[in-house]
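Please look through the structure shown here before reading on. The briefing that follows takes up a few of its features, grouped by topic.

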Amino acid sequence: MPTVLIVEDEPELVKVLRSYLEQAGFSVLSAGRGDTGLSLWEQKRPDLVLLDLNLPGLDGLDVAREIRRKSDTPIIMLTARVEETDQLIGLELGADDYIAKPFSPKLVVARVRALLRRSEAAPSTPRVLRAADLEIDLEGHAVRRGGDLLDLTPTEFNLLAALAAQPGRAFSRLQLLEAGQGAAYEGYERTIDAHIKNLRAKLEPDPKNPKYIETVFGVGYRFIRSGG
Ligand code: CA
C-alpha cells in the first residue's frame, strides 16, 4: 500500500484529503507544520508528498528543497498562490506537480495516482548509495564508514561510487579508468591498481583481506554483494 504524506496546516483540508486517499487505498500520514512534516518524511520515507506552500515552522518551498536534496520522492505542491505556480515550476524547486486551491479531492487522488505511476515507470538513481556499512553520498562526494567520514581523492571517490553502484559486477581496469577519471583520462590500466590500493588503505579495516573491493583475477575488481 503506497504511503502519502500530507503536509498541510488546514485541518479540514487534511481530513478531506485523508478520507479520499484512504478510500483509494493509500496509507496516509499527516503533519500540520513544515518542520514536523520534514522530520516525518525523514522517518517514514513516504512514496509521495502532498505539500502545502504556506506553512508554519518551515515554508513549503524549503521543505521541498530539503526533500529534493536527499531523494526523488514525488512531491505535489498544494498552493493558493495561483499566479505564482508557473514560476514555482520554472524555478525548479523540486516539485513534480502542483494543484491550485481550491481543488476537488478526486482530482488530487487522480494526480497522486498518475504521479506514482510515472515515478515507478522511471526508477530514480539514488543520491546516497548504501553498501555494507558504507554510505556514499553521490552529490556531496562524501563517504562514511560507520558514520566516520573517509578522506578520499576525487579519483578514489569515483572508483568507489562506480564499483558500489553495481555490487557483484566485475569491472575491467579499463572500465574503472574511465569511471575514475572521466572521458579525458590519461594513464595506463595498471594505474587503477595503485588507486585501488590507496582506496583499500583508507576503506578497508584490513587492506590485505579486503571486505569491500575484491580482486577478480584476470578481469579487474568488484564491490562485494551485501551479505556475500
Ligand atoms: Ca497553508
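**Charges over rings**

Arg-169 lies over the face of Phe-171, 4.2 Å from the ring centre, where a charge counts as over a ring if NZ of Lys or CZ of Arg is within 6 Å of the ring centre and within 35 degrees of the ring normal. This is a predicted model, in which local features need pLDDT of at least 70 and side-chain atom pairs count only at pLDDT 80 or more, while totals for chains, interfaces and linings use all residues. Residues are numbered from 1 along each chain as its sequence is written, and side-chain values use heavy atoms, with hydrogens and water left out.

**Overall make-up**

- The secondary structure of the chain comes to 8 helices and 12 strands, which are DSSP runs numbered from the N terminus (H or I of at least four residues for helices, E of at least two for strands).
- Of the 228 residues of the chain, 40% count as buried, where buried means under 20% relative accessible area, exposed means over 50% and partly exposed lies in between (1.4 Å probe, protein chains only).
- Among contacts with a separation of 6 or more, 55% join residues 24 or more positions apart, a contact being heavy atoms within 4.5 Å.

**The calcium site**

- Asp-9 (OD), Asp-52 (OD) and Asn-54 (O) coordinate the calcium ion at 2.1 to 2.4 Å; donors are N, O and S atoms within 2.8 Å of the metal (3.2 Å for Na, K and Ca), and because water is not among the atoms, sites may look incomplete.

**Nonpolar cores**

- The largest nonpolar core has 25 residues, and those with the most contacts inside it are Ile-136, Leu-160, Leu-163, Leu-203, Ile-213 and Phe-223; such a core is a set of buried Ala, Val, Leu, Ile, Met, Phe, Trp, Tyr and Cys residues joined through side-chain atoms within 4.5 Å.
- Two or more residues of this core come from each of β6 (128-131), β7 (134-137), α6 (154-165), α7 (173-181), α8 (191-203) and β12 (220-223), and the largest share, 6 residues, comes from α6.
- Leaving aside residues up to four places away in sequence, Ile-213 touches a set of residues that includes Leu-160, Leu-163, Leu-203 and Phe-223.
- A second, separate core of 19 residues includes Leu-21, Ile-76, Leu-115 and Leu-116.

**Helix α6**

- With 12 residues, α6 reaches 16 Å from its first C-alpha to its last, close to the 16 Å expected at 1.5 Å a residue, the expected span being 1.5 Å times one less than the number of residues.
- This helix is mostly covered, as 9 of its 12 residues are buried, including Phe-157, Leu-160 and Leu-163.

- Arg-45, in the loop between α2 (34-44) and β3, lies over the face of Trp-41 at 4.0 Å from the ring centre.
- Phi of Arg-45 is near 45°, a positive value in a residue other than glycine, and Arg-45 is partly exposed, with a relative accessible area of 43%.
- The peptide bond from Lys-101 to Pro-102 is cis, with omega near -5°, and Pro-102 has its place in the loop between β5 (97-100) and α5 (105-121).
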